[in-house]
Amino acid sequence: MEQFFNLQHKVVFHRKDETFGRFENFCKVSSSNVVAFSSEIDIKTGSKGFFIYVFDLNIPWCTYKIATRSYPITVLEWNQSGCYLLVADNYGNVSIYTQRNSLLDEFYEVYSINFPSENIIAAKFFFNGIKFPKYQHDQMLYTDKYQKYRIQPTVRNFGASPATGFVVITSTGIIGAYSFDTNSHPPTNNNVEQCKFMKNLGQSRCLYTNADIAFKNGQFYIAAANNLHKNPIIQCYRVQIEKIDEELIINSKSLPSFFVNENAAAKDMSDLKLFKFKWMTQEDADGLIVLSNHLSGSVVELWTLKEESTPIHKLFQTNKNECYKTLAWSNQQSYRHSRKVLDIITTKIQFGMNFYLFIAYQDSSIHCLNREGMKRVTISNINFSASALEHHTKIIKMTSKMAALDISFMGNMLFAIDSIGQVSCYKINFDHLLMNAVQATNMLEYCLISGVDSLDVMLMLKMTQPQIIDSVIDRMTENFNRQPNSITQFYYLKFLTMKINLYRMSISGQSKAHDLICLLNLISISTAFKSLLRPAAPADLMTFKNGPAENLSSKFGTDLSKAARSVISILYPFPVILSETTVNNADVDKVLLNLEAKDFTVEPSTLQSLQQLIQFVADLALNILVKLPEGKTFLNTNKTTGDLSDFTALNTIRELLVMIRIWGLLQPQCLPIFSRSADNLDILATLFRLLTKLSPKPDCPDEQLLDECCLLPSQVLIPQVHLNTPKTSLSSPLLSNLPLPLQLTYFVEHEALDFTPDIHYVEGCLMNHSLIDSIRYLHVNKNTSNLRRCVRCGATSIYKSNMKISTAMKAWENRWDVCNFCGGKWKTEKV
């Protein structure tokens, strides 16, 4: 373990006797690598209270306060997808927060439920039944290598679909449940009370100070105890929640329990006191980790629930050697240390054979243990400190203590917060997590299949082995091309996004990243345009093969072999023009004669709203052709690398140019705008003709084609297409050049991470340094108040447009509402 960064604030403490840490703080990392934590002070003003903050791992200095609570916070929990954040306090208030307009800095309370005067000690969202896949390292196909399987959801709607909601445990022994519909509006106060259900956890009410919740076989497994007792007992329950109509039926049954101090280790330490406990994982209810403190240190114990056999007297046996089987808890391993324990976390996903425990101690040290034998792997020390001025000549140094730990889902980043709201991040790079090309590829493929964010894996790769990024990309591409056609079609865009993010992390990969961004946009636009086409004949609606988009491809004719077709269909899972270049289809107008114009009829108002997307296709075609004389082909790669070949990408542009040509006859205002040297010059026809000549051999154009491309800047003004934006983030290519740990400050960007990719200027291109809307491809005023910026790639877009747009354009914008092309979340851009 090595420290990655320290995130500190500039709060001024006026008294040295300021006390913090009287209340418990929490830290939780979502599956999308968004960190939420609680603090007793406002990290901006220094005022005392109970605050909730969030930040994205890529830009931790941009931390946003999402809530201020009136009572001490007792629970902080993300749901599985990372869309909802649950916050509970010791006065019975439970709130669900989510993002407004999908903006990271605008969380709002969507549900608020109150359990009057109850201290909430544990809470968990309903499990949706989707378990993270198991990793099999000796397999090649994704379906065998990462075995995905569904288990029974904890709460089910009609039809066995998973319900959305949460369950809470109170200190007085009450279990409460609440279910809500994510597709409907939040209920009123009266309806909230009707949807809330409570029941005693056991047969009688008991006082509990600690509790934890896990899932197994569609049921909740709950462990609860009162550590105020001298000899506390950990009581376990199995809870079944059934949803009938709109009512939740809660059934609780007792499981075997055990006394913590009834073992040999406890008898040697009479002052041993239970501190907290935790299920091994939220999907493993057979292992419980118990933390206990005493005057001279602490003990960490692993208890497991096993089936034991008890012999039966022969008089009562029905069969020979018959035994009575029962479940019982047994103490398997223990780990002792000379300091008191503060917190513990476990690996969230068991990737490979190893499973780790991370324990925080009072001396600000973190011990990493392997589950097998509870053997210590490594120790790291964290020094939290904050300096503030009392007078101009005197500095007060306040030392805080560690408050909470959490780990990223892929297990590469460990987060620790202290009692005054400062964050320290560690990279975990030992044993099986040592980055090499094979391990990095397997982890990235796991993220591709499971849906977990891969930023922590990429940052670890950048910091430990930056020289193997290209090797990892090649290996990923090689494995991806070996998958069945159905798998490549399903994961292709996500796979392309992952390659873009990897190329962006190296200085030498910026040009490849830009080409892949253009390719991703091209595929998205092609899909959006073809979705507008409808067969004119009603009979064709029942036959998928006779769609207009398919007819467009077939009209070009093909001379390719069946093997070539299958290879290209794997690389490019969308309809493309599979044809060798012929003289007949080099003229766009001759192509139109072989098509049914009525199949391409779209409402003129819809076509007008798509003009900026059409303009991007034409600008991209111009840039591809203008760069040819300089020896730069689109994608700048060959077919053996597994990227989408130039042939299929260029023919996709040809298809789009044919559609644009037809639509221009219906609505001339939707055509792209060019600044031409001669009014009679047909730019669309010229682009189609040159691309037709280029597509058969994109990596080896002939001299005549190069001469024609050289003349383009003198015939038409070439707009510069540059989608690789500057950014200041941890994923910057400059990260590997900086010494660790990074010293970061809240609300202050780290200047050493500021990176601006080089722009390849083409002679004759029109340069424009204004902001470009990455979704609509429009020029944006830098002083616009409703701008949003991607937290991963730095792209900007307008998130509140007052313009009336068509349904087609609204669908295009809604497609990128939740995240940008790169998969990053949006945040408000401050002017």
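A residue is buried under 20% relative accessible area, exposed over 50% and partly exposed in between, with a 1.4 Å probe and protein chains only. The model is predicted, so local features need pLDDT of at least 70 and side-chain atom pairs pLDDT 80 or more, while totals for chains, interfaces and linings use all residues. Residues are numbered from 1 along each chain as its sequence is written, and side-chain values use heavy atoms, leaving out hydrogens and water.

Start by selecting F747. F747 has a relative accessible area of 41%, which means that it is partly exposed.

Rings of Phe, Tyr and Trp (its six-membered ring) pair if their centres lie within 6.5 Å; planes under 30 degrees apart are stacked, over 60 edge-to-face and the rest tilted. The count by this rule is 28 aromatic pairs. In the pair Y746 and F747 the ring centres are 6.0 Å apart and the planes stand at 45 degrees, so this pair is tilted.

Next, select Y84, Y111, F166, Y178 and F180, which form one aromatic cluster.

Then select R788 and W826. The charged end of R788 sits over the ring of W826, 4.2 Å from its centre (NZ of Lys or CZ of Arg within 6 Å of the ring centre and within 35 degrees of the ring normal). At R371 and F355, the charged end of R371 sits over the ring of F355, with 5.7 Å to the ring centre.
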